[in-house]
Amino acid sequence: MKPGFLMKPAHATALLVAASALLLSACDIPATGVVEAGGPASGIPPTVPIYLVRDGALVAVPRTISDAGEPVTAVESLLKGPTPQERRKRLTTELARQLPVTTRPTPSPAEPSPEESVRLMTETDGLYLELPRYAGKMTTLAANQVICTAARAYLLTRPDLDSTTVTVTDAAGGTFEGDVERCPEL
């Protein structure tokens, strides 16, 4: 063989890559756009700490809820009371367990009347929650359950904040204020 006919290894590799690319591009496979194939990938369901009571003290309990970063959703979950599994762990609540009383028809099942839902206002200095009338008058421990639940839910989706002040007004007009400093960790 003449020395001019030998191919260097780098040239041989480049030639093989070019030939492969040419063959693959000639497969006549049509380009496709985005293919819709169901909802987004899901992993661990969102959880938020709900604050229940054991032996007179707050206990943080992880609970799966649809909107983990929304204080109203978290407090509404808290107002439902402990689940059967949580009750087996001797967890209770200080919040009143009265059923909602409806004095007028609800506009639709998706829209409860203002008396039956938790109302929230957010301001730069904190959260302001007004509880539905069926929640009744709260004790300090019950208020701390709401304050801790709302604050932790709010802070879940706001990593830039370390704390927030929560002011809660119960159905009897009592006002309670606090932040996550008094809330045990999970």
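A residue counts as buried when its relative accessible area is under 20%. By that cut-off, six of the eight residues of strand β1 (residues 47-54) are buried, so β1 is largely enclosed by the rest of the structure. The model is predicted, and the points below are grouped by topic.

**The hairpin of β1 and β2**
- Strand β1 runs antiparallel to strand β2 (residues 57-64), and eight bridges join the two.
- Within this pairing, Tyr-51 stands opposite Ala-60 in β2.
- Two residues lie between the strands of the hairpin, where Asp-55 adopts a positive phi near 55°.

**The four-stranded sheet**
- Four strands form an open sheet in the order β3-β4-β5-β6, and their pairing is mixed.
- The edges are taken by β3 (119-123) and β6 (175-178); each has a single partner strand, so one side of each is left without a neighbour in the sheet.
- On average, neighbouring strands of this sheet are turned by 15° against each other, direction ignored.
- Strand β5 (residues 166-169) and β6 run antiparallel and are joined by four bridges.
- Val-166 has Gly-178 in β6 standing opposite.

- Helix α4 (residues 140-156) contains Arg-152.
- Arg-152 counts as buried because its relative accessibility is 16%, which falls under the 20% cut-off.
- Neighbours within four places in sequence aside, Arg-152 is in contact with Val-48, Pro-49, Tyr-51, Val-180, Cys-183, Pro-184 and Glu-185.
- One of these contacts, Tyr-51, is the residue that stands opposite Ala-60 in β2.

Terms used:
Residues are numbered from 1 along each chain as its sequence is written. This is a predicted model: local features need pLDDT of at least 70, side-chain atom pairs count only at pLDDT 80 or more; totals for chains, interfaces and linings use all residues. Side-chain values use heavy atoms; hydrogens and water are left out. Two strands pair if DSSP finds at least two bridges between them. Axes are lines fitted to C-alpha atoms, for helices over the stretch in contact, and angles run from 0 to 180 degrees between N-to-C directions. Buried means under 20% relative accessible area, exposed over 50%, partly exposed in between (1.4 Å probe, protein chains only). Contact means heavy atoms within 4.5 Å.
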